[in-house]
Amino acid sequence: MQEKLPQLKISEKIREINFQGLRIGGDASVPFMQENDSTSKPLLALELPFFYEENFPLILKKQYGENYEITDAVKKAESLPNDLLSIRFNIREDRIDKDFAEINDKLDEIFEITKKPLILRGKNNNDIDKKLLPLLAKRATRQCIISFVEDTSYEDILPSLIENNHITVIRTPIDINLAKEMNILTTDKGLDTNKIIIDPDMGGLGYGLDYGFSIIEKLKQVGLSGDKMLNMPIIVFIGEESYKAKEAKSTQYSKAWGEYDKRAIMWELAGASAVIAAGANIVVLWSEKSLLTLKGVIGWN
Amino acid sequence: MELTGLQIFKYLPGGKKTENANCKQCKQPTCMAYALKLAKKQVEPDVCPYLPDELKTLLFEACKKQQNEIIFGANNQTKIGGETVMFRHEKTLVNKTIIAIELNCDDEDFDEKYFKIKNYELERVGEKFNIETIYLCGKKDIELRAKQLTEDGFSLIIKTENPETIDKLKNLNPIFETESECPQATNIIISSQNIDEIIEKYQKIHKIGHQNFVINLDISTKPISTIVEELTYIRRLAILNREESFAHPVMTKIPENLNHYEVLTLASILLCRYSNIIVIKDIDYATITSLLTLRQSIYTDPQKPLQVEPKVYEFNEPDENAIIMMTTNFALTYFAVANEIESMNKPTYLIVTPSDGMSVLTAWSADKFTSELAAKTLKESNLAQKVKNKKIIIPGLLSHMKEELEEELKEWEILVGPIEAYQLPEFVKNNF
């Protein structure tokens, strides 16, 4: 039968980024398929907030414990099985200067503590990110993935990312044409096409996940069929999206919705499993339990 | 793939410009006319004496079903299979993956578990979530229980080796998992370890005269990559190659030794990657809710966003002091807002604009939420006569429309609401 199995014809592999000992992308088929000598495997990142916020979902408050301190959390993550570590520099808008100062103070220590490949994330606020991301790009003691630039911020942020040799995450809202346009615009500015990761800016489980799911599948199809401006690896910040959902936050649901502690983790797990099945190359998680579970299940490989 | 008239025409004498072109033996004026009718299946292929074998094969392939649809169950019927594409963006998926829960008649806690299955019900974004199908196994009172379950509205997959049981329960129109003989008209499972075994077993059982099959692919000791690989090949053989042996829905059973989180993870991947039925041993509400929410997402029609009827919705018996809000008719937006309003317990009118089911920002950028549209919707609602407070809350994402709206709606005060629906209760508390 082996010889009769229908194979996917591709023109080109998804670009492969060699990053701090990891191979990101390089897909030669759809996920988990080994045809065309595909060796691509999804990578898992754990994401930690730099600052503790009172409105974190209960499940994460439990995970972070009392007296959250980013340096301790980074230390703890060293012994977890995440392929990458992502730090979210969630500067608070009512104390921007103080928070900047604290980041400045602790940055070197963080680079020191962790040996994991790093993703450094901005606030998702253009005004802050235009200051923050160039600072991180400059201060990083090794190559990092820096997230993200978008159409309204790339001109200000990109030069320092290029200069310091980082990998750039480009975010475009679930639209394949916009993704291509941004890839062209940024490479025109001097960004290396092999240093781009696409963020399709998708919704989490129950809140538009379907659009993102299909955009990932389409991006992969177009990439594998040889479009050199769309064959970059894909990253999904599923943790952030999952914990926006009321289902992952509220304990006020009826019994049929399941116990809160379980549901809140499963909300992220189901979304993460789906985007991995669709073809995401890096999945960024917030819950340690989801990380451990996913690592177990996809690690049966 | 269906053949088009033009594709067919190329094989005919008229299309090839050879002898006998437009000979009219088919009673059609030209080869082109015949080709067009043949594509629509309005004429038979054998009335053309010059039809090449190559085209005959193509036509034969084109009318083979890619994946058969199986309808099972008696009181409530469940449909599975019938899929036509590999990816959901190509064409809407046809029948939702069924999540079946296993019930063993020999288990002491049968009744307790059944009670939990029966009582699972909730509603999310307008869809009722419940368990439709039970995988029934074991021996004790299986016939009695199968009838009771059917009466209660469940469709059944029944595992039994007892020919008498099969005979007595066949009227419930279940899917049978059995090595024993089955009447020809029943739905029957082909259990197999791998792809090769499917062909072998299918040909054997098909020869006896069976028509309705479900493939049960054993995934119990396989790594996830092998599982997805086999499921993908089976679906490709069905959809792309139209291989008869694989033109059936596929069932997978989640292995026993997994915790709930692992069950959910594996089931989520199976749901996205081509399993038509997933059998789960345990009934855990959080697992089922997360899984059915994923199913709701994956099986929405990508060409048609979920939308609600644009109109004025009333909450908590609004009177002349009611709060007024406005948003678009994208279902997720509507339900997010509606949920919050309900929980606030304050009399409220929610005006939902006709925005083609787009979310707030998308609607705005596609000109489906303009100040003219907002004004028109508000005017048609007659709310100006119904309330004292002429205040209207607009979505936080549209704060830039405030002035434009004030211009258009001179008698109203425009309040820019929060960006996220969950911030609404606090916003209302601070502003009213």
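Biologist: Where does E93(A) sit?
Modeller: E93(A) lies in the loop between β4 (84-88) and α3 (96-113) of chain A. Helices (H or I, at least four residues) and strands (E, at least two) are DSSP runs, numbered from the N terminus. This is a predicted model: local features need pLDDT of at least 70, side-chain atom pairs count only at pLDDT 80 or more, and totals for chains, interfaces and linings use all residues. Residues are numbered from 1 along each chain as its sequence is written, chains are lettered from A and ligands numbered from 1 in the order in which they are written, and side-chain values use heavy atoms, with hydrogens and water left out.

Biologist: Is E93(A) buried or exposed?
Modeller: E93(A) counts as exposed, because its relative accessibility is 55%. Buried means under 20% relative accessible area, exposed over 50%, partly exposed in between (1.4 Å probe, protein chains only).

Biologist: What does E93(A) contact, leaving aside neighbours within four places in sequence?
Modeller: K123(A), N125(A) and I128(A). Contact means heavy atoms within 4.5 Å. I128(A) is 35 residues from E93(A) in sequence, and their C-alpha atoms are 8.9 Å apart.

Biologist: Is L46(A) buried or exposed?
Modeller: Buried; the relative accessible area of L46(A) is 0%.

Biologist: And which residues does L46(A) touch?
Modeller: Not counting residues up to four places away in sequence, L46(A) touches a list that includes A77(A), L80(A), N82(A), L84(A), L85(A) and S86(A). L285(A), W286(A), S287(A), E288(A) and L291(A) are also among its contacts.

Biologist: Zoom out. How many helices and strands in chain A?
Modeller: Eleven helices and ten strands. The radius of gyration of chain A is 19 Å, close to the 19 Å that the globule rule gives for 301 residues, so chain A is as compact as a globular protein of that length. That radius is taken over C-alpha atoms, and the rule is 2.2 Å times the number of residues to the power 0.38.

Biologist: What share of chain A is buried?
Modeller: 62% of its 301 residues. For contacts in chain A between residues at least 6 apart in sequence, 71% join residues at least 24 apart.

Biologist: Now chain B. How many helices and strands there?
Modeller: Chain B has 17 helices and 17 strands. Its radius of gyration is 29 Å, well over the 22 Å that the globule rule gives for 432 residues, so chain B is more spread out than a compact globule. Along the principal axes, its C-alpha trace spans about 75 × 75 × 40 Å.

Biologist: What are the domains of chain B?
Modeller: Domain 1 (5-62), domain 2 (69-298) and domain 3 (312-431). The bounds come from an automatic or database domain assignment. Over C-alpha atoms, the centres of domain 1 and domain 3 of chain B are 59 Å apart.

Biologist: What share of chain B is buried?
Modeller: 53% of its 432 residues. Of the contacts in chain B with a separation of 6 or more, 64% are between residues 24 or more positions apart.
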